[in-house]
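Subject: Structure handover and findings

Hello,

Here is the structure I said I would pass on. Please open it first, then read the notes below it.

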Amino acid sequence: MAADGGSSSLVLPCAFSPKSRQYLALCAQDGRLRIWDTDSKTLHQEYVPSAHLSATCTCIAWGPCRTAKEGPQRKRRKSEAVPGVEKPDLLALGTAAGTVIIYSTVKGALHSTLDGGHSGEVHSVRWHPTEALLYSGSEDTHIVEWDLQTGKTRCKWKADRGPVTSLCVSPDGRLLLSAGQTIKMWDLETKEVYRRFTGHSTAVTTLCFATTRPPDSDGLYFLSGAAHDRLLSVWQVRSDGKDKNSVVSFTLTDEPQHLDLISSDSKDEAVRLAVVCKDGQLHLFEHFLNGPCKKPLSPTCSVQVSGVGGRGGEGDTPVPVPLLAVALGAEKQGLILAYGNHLQPVMERVPVNTAERHVCLVRDVQTTLALSMDTAVSKVKTPVVNASVKVLVPGLPGHCAPLRPGPAESQKRKPDAGAKEMSIAERLGEIDLSTLPSRKEAQKGGLALQTDSYAVLLVQGLESKDSHILNKVFQTRKEVLIKKTVARLPLPAVLPLVEELTRRIQGHPYTAVLLVRWLKAVLLQHTSYLSTLPDLVSQLGVLYHMIEGRVKMLHKLTRLHGKLYLLMTQVAAGDSAHKVTDVDHTAKLVYEEESSDEEDGSGDEAVPDEDSDNWEEEEEKAEDEEEEMNEETKVN
């Protein structure tokens, strides 16, 4: 039984399907639900909720296996009745908007949406083991009991003063555990508190029943884990009510992130426990629950996954690979591990020798991480091509599908012995960006280079480190084309693109302005993928230092810009005052010339101007005032 119904804000929800553990459900940062097949290690289904960006998935829980009949759907006799096969079907997803989504893996579509019960973020969802009921705990401090047949609220009650962070239903379906900072055990028939347990100083994020015994036999145990707590506490439900403190503690290296447990049916049967911590390590425990134990128990075995070989084959230094989830197999030493990142996890069934205290599994994760999607699930249509079509470039890595011949080419074509394969240089010459038709010509009948071609060129340029290809791709200035090209990039090409952009931005300022648009598009489109990389800080350290240096320089440039603006404003004001004085002086001279011409034209004798001395004095005063104004302007 996996404790997969609870979730904290820092842990992305994931859960293995019950019983067979055939599927692994993961909710990544982009809000998409991905269901992986652990047998074929391929993507089985993918579901994108309508509000996956505004109402992200916060918790996830598989429902009980349902009976589904296999074979053709036709009427059969009683003697030909096909026995029902139990398969995992329904998934409950709690969202940040307060709704609960029920997804059907058999239909591959949304089953129903439960809303109107919570006004805050849903922290935990749990299924009733036998009845069509679902329980959810929320930030609004309430627990809601949902009737899945009607899709409506059956009962709602206030559980605590603070948020309800975790829930767990007992194996017999009679008791419900809820927790915030205090753990309460509820009687589901009366909705009253049956027991209270205190001992955690932070919010409880994990609750799980460890035994299937009735509570009146002093044999009912459950365990709990809290945020920022490196202990898993085991509690005993006693009939006399003297169960205030935990009886057993399991020591961990970090707070629990995901756990799987095989419960005990009797005192002679040990409880098997596997815990994945936040630091990416796995700890295995095996203990007989027969009362209190004073000392905390250490794990019988600790497992860690390490990857070898850096990017481009740089060295063989082991790098820790975080574990995401674990499932205990039917055999004692059998485990199902999921490690890597949530967007593209690696699943592996591996036997572990529990006699060793520490086990390190060395894996070549870079080679193993390849996105393989089942063609029956993928909605990508395979193009149909004719013989006249010439393919110049290969498809994107991880997204290429085999081309099917047209109806007229049902027979297999024989290889042409005389045909020569085009080299990369010849292909680049045929798709030279400088010889492409203009936009008007493309609209009239020509074909312009599509976004897929840009993405293919960009991937080829990054892999071959060809500056000629990269220069032509990075020269585009169209925002829409840049965004579509970045969106079509495969995930393994995102980090090399960021590194190439960082190296080029440090060059010429004009080139940096163009490349900033590419960097912005990459960060907006692939932030969720970059955040899952374990050594992101070391890989993007140059970019961080460059951004930090430019931000510091921005303050100095802003102050310099202000000073220059004030200086230019004062200079402009002085020039305008100087121009006004010159205009006034010119107007006076023109007036004198006109008046003298009128006197000469009258035919009378010239009469000396009595006010000439006054004019000369006024001109001298004007010149003195102009010089004083110019001196004041220079001083300012």
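Among contacts in the protein chain between residues at least 6 apart in sequence, what percentage join residues at least 24 apart? The figure is 51%. Please keep in mind that this is a predicted model.

**The chain as a whole**

The protein chain contains 11 helices and 33 strands. Of its 636 residues, 40% are buried. The chain exposes about 36,900 Å², and carbon and sulfur atoms supply 53% of that area.

**Cores**

The largest nonpolar core is made of 34 residues. Those with the most contacts inside this core are Leu458, Val473, Phe474, Leu497, Leu501, Trp518 and Val522. Two or more residues are given to the core by each of these elements: helix H4 (451–464), helix H5 (467–474), helix H6 (479–487), helix H7 (494–505), helix H8 (509–530) and helix H10 (541–601). H8 provides the largest share, with 8 residues.

Setting aside neighbours within four places in sequence, Leu501 is in contact with Phe474, Leu515, Trp518, Leu519 and Val522. Another core lies apart from this one and has 20 residues, including Leu284, Val305, Leu335 and Tyr339.

**Cavities**

Rolling a probe the size of a water molecule over the atoms shows where empty space is left. A search of the whole structure gives 2 cavities of 30 Å³ or more. The second largest cavity has a volume of about 50 Å³. Which residues line the second largest cavity? They are Ala210, Leu223, Val234, Phe250, Val271, Leu273, His287 and Leu289. By type, this lining has 7 nonpolar residues, 1 polar residue and no charged ones.

**A buried strand residue**

Thr95 is in strand S8 (residues 90–95). Is Thr95 buried or exposed? Thr95 counts as buried because its relative accessibility is 3%, and the cut-off for buried is under 20%. Not counting residues up to four places away in sequence, Thr95 touches Ala55, Thr56, Cys57, Thr58, Ile101, Glu121 and Val122.

**The loop between S1 and S2**

Two residues are worth a look here. Arg21 is in the loop between strand S1 (14–16) and strand S2 (23–27), and Lys19 is also found in the loop between S1 and S2. Arg21 has a relative accessibility of 11%, so it counts as buried. Lys19, at 64%, counts as exposed.

Lys19 and Pro88 are 69 residues apart in sequence, but their C-alpha atoms are 8.5 Å apart in space. Leaving out residues up to four places away in sequence, Lys19 touches Cys65 and Glu86.

**Positive phi**

Most residues other than glycine have a negative phi. Arg21 has a phi near 55°, a positive value in a residue other than glycine. His228 is another case, with a phi near 60°. His228 sits in the loop between strand S20 (220–226) and strand S21 (231–237). With a relative accessible area of 68%, His228 is exposed.

Leu148 is in the loop between strand S13 (142–147) and strand S14 (152–158). Its relative accessible area is 22%, so Leu148 is partly exposed. The C-alpha atoms of Leu148 and Ser112 are separated by 8.7 Å, while the two residues are 36 residues apart along the chain. Apart from neighbours within four places in sequence, Leu148 is in contact with Leu114, Trp127, Ala132, Leu133 and Leu134.

Gln333 is in the loop between strand S28 (323–328) and strand S29 (334–340).

Regards

How values were computed: Residues numbered from 1 in each chain as written. Predicted model: local features only at pLDDT ≥ 70, side-chain atom pairs only at ≥ 80, totals over all residues. Heavy atoms only, no water. Helix = DSSP H or I, 4+ residues; strand = E, 2+ residues; numbered from the N terminus. Buried < 20%, exposed > 50% of the residue type's maximum accessible area, 1.4 Å probe, protein only. Contact = heavy atoms within 4.5 Å. Areas by Shrake-Rupley, 256 points an atom, 1.4 Å probe, with all protein chains shown as cover. 1 Å grid on protein atoms, 1.4 Å probe; cavity = no way out; pocket = protein on both sides within 12 Å on 5 of 7 lines; lining within 4 Å. Points joined across faces, edges and corners; volume = space filled by probe spheres on them. Nonpolar A, V, L, I, M, F, W, Y, C, P; charged D, E, K, R; others polar. Core = buried A, V, L, I, M, F, W, Y, C linked by side-chain atoms within 4.5 Å.
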